[in-house]
Amino acid sequence: MAKIIIPNQSFIELLKDINQTVVIDANLIIPPDRSNLTNSVPRIGFDKYKNIFIEPMLRILPNIAIHEAVYSEISVQPSLKDYIDLKIQEDSIILLKDSDLNDSERFIRNTIEEKIAQFTKYNPSLNNSSDRGEVKSISFAVAKNLIYFSTNDSNVISLIERRELEPYLHSLGAIRLYELIYLIKINKGNSKALRGLYKLLYYLTTNEKEHNLDWASFIEECNRYYAQYFDGNVKLSPRSQK
């Protein structure tokens, strides 16, 4: 279960400089599906999710990046691949390739990959698909001194914050999906649709309703800690001003 934690210093640092590179996981691009929990929850189609979340995120954050392992994971779905290809061509998404690493960076990447893989289902020697995108994204980010990784996977967030890995991942901060929902909302996103997305992800089950904030309280709490970092009520990136 994803638990809402406010404030997040990494998110504050991103708000201070919205132009920093944010490496994202596949689960920020693939529409969430929690229909297995209850039949009353419909699946969100990609077009709707794209309009609610992905497109606004790309407008607000000018340097969103995905690793080639995540690209491969997404590419099994033709509609997603076509969309990501277009965004890469438009320079709305940066594609990170291991071939772009120099020898020193490659050594760092390999070291980090070996250290963190032991806490995941990924086996570098087998190059299996489980957790591969997350492990390779994080390893690349550290090698290139990129400091933000965004995901909705609580296990990956725990990995970034794991004490045993602190010497290796100390410079890497986790940005949660709910923080991006808040960022989009503040940047004049579709409040009704974003509220529905938030409820689907964080306020659906009885357990989540006991431990997480409802939408109104979530926005109020975020405003309490984060509103001071916005210019007026809205902080726009150069792209979102076009």
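The text below takes the sheet, the helix and the aromatic pairs in turn.

The model is predicted. Its open sheet is built from five strands in the order β3-β2-β1-β4-β5, with parallel pairing. At the edges lie β3 (93-96) and β5, each of which pairs on one side only. From one strand to the next, the twist averages 35°. Strand β2 (residues 64-67) runs parallel to β1 and is joined to β1 by two bridges. V23 has A65 in β2 as its bridge partner.

Helix α1 packs on this sheet, where α1 touches β1, β4 and β5, and the direction of α1 makes about 85° with that of β5. The helix spans residues 9-16, and its residues S10, F11, I12, L14 and L15 are buried. These buried residues pack against β1 (22-24), β4 (148-151) and β5 (173-176), and also against helices α9 (177-186) and α12 (215-226). At the N-terminal end, α1 is capped by N8, which has a side-chain oxygen 3.1 Å from the backbone nitrogen of S10.

The structure holds 11 aromatic pairs. Two of them are listed here.

| Pair | Centre to centre | Angle between planes | Type |
|---|---|---|---|
| Y178 and F218 | 6.0 Å | 85° | edge-to-face |
| W215 and F218 | 6.0 Å | 40° | tilted |

Y178 in helix α9 and F218 in helix α12 are 40 residues apart, so the pair links distant parts of the chain. W215 and F218 are three residues apart in α12, so about one helical turn separates them. W215 is buried at 12% relative accessible area, and F218 is buried at 0%. Y178 is buried too. One aromatic cluster is formed by Y178, Y198, Y202, W215 and F218.

Key
Residues numbered from 1 in each chain as written. Predicted model: local features only at pLDDT ≥ 70, side-chain atom pairs only at ≥ 80, totals over all residues. Heavy atoms only, no water. Buried < 20%, exposed > 50% of the residue type's maximum accessible area, 1.4 Å probe, protein only. Helix = DSSP H or I, 4+ residues; strand = E, 2+ residues; numbered from the N terminus. Contact = heavy atoms within 4.5 Å. Polar contact = N/O pair within 3.5 Å; in protein donor to acceptor, adjacent residues only side chain to side chain. Pairing = 2+ DSSP bridges. Axes fitted to C-alpha atoms, helices over the stretch in contact; angles between N-to-C directions. Phe/Tyr/Trp six-rings, centres within 6.5 Å; stacked < 30°, edge-to-face > 60°.
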